[in-house]
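Dear colleague,

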Amino acid sequence: MIRKTINIDDYWEVIVYYDVNYNLFHIISKDLAQIGCSKLQIRSIKNNMQKGIAKAVTVSSAHCETSVVLFNAHKSVADYVNSIVHEAEHIKQSMLDAYDVKDEGEEAAYTIGYIAMKMMEIFI
């Protein structure tokens, strides 16, 4: 399991876990609890991912200005790219909502591009 922290210009923090190891889920649970997830929500996230119902999950907190992203192991880099772009969209939506910025135009496009690029760096 790899844990990466991305700081987006001191506006937002993104904590990303790649290839989640369920024997170490207590580490992830601490990050989820810190941004306001209840024990029930954390159990549900773990259950859905462990059973393969979800390949990836993003949980965001506007109050904490933080997103936690979890990725199960994927079959290929291309499969990861698909999930990364999907989860980056969720992060972008949360950020723009928190700062009351319209989800259109160059600012929104650059934001998702930056997030996806930073999440992809482990493959480069």
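E3 and E4 pair in the antiparallel sense over 6 bridges, where strands (E, at least two residues) and helices (H or I, at least four) are DSSP runs numbered from the N terminus, and two strands pair if DSSP finds at least two bridges between them. Within this region, Ser 60 stands opposite Ser 67 in E4.

Please keep in mind that this is a predicted model, in which local features need pLDDT of at least 70 and side-chain atom pairs count only at pLDDT 80 or more, while totals for chains, interfaces and linings use all residues. Residues are numbered from 1 along each chain as its sequence is written, and side-chain values use heavy atoms, with hydrogens and water left out.

The open sheet is formed by 4 strands in the order E1-E2-E4-E3, with mixed pairing. Its edge strands, E1 (2-8) and E3 (56-61), each pair on one side only, and the twist averages 15 degrees from one strand to the next, axes being lines fitted to C-alpha atoms (for helices over the stretch in contact) and angles running from 0 to 180 degrees between N-to-C directions.

Val 69 lies in strand E4 (residues 66-71) and is buried, with a relative accessible area of 0% (buried means under 20%, exposed over 50%, partly exposed in between, with a 1.4 Å probe and protein chains only). Leaving aside neighbours within four places in sequence, Val 69 is in contact (heavy atoms within 4.5 Å) with residues including Val 14, Val 57 and Ile 91.

Best regards
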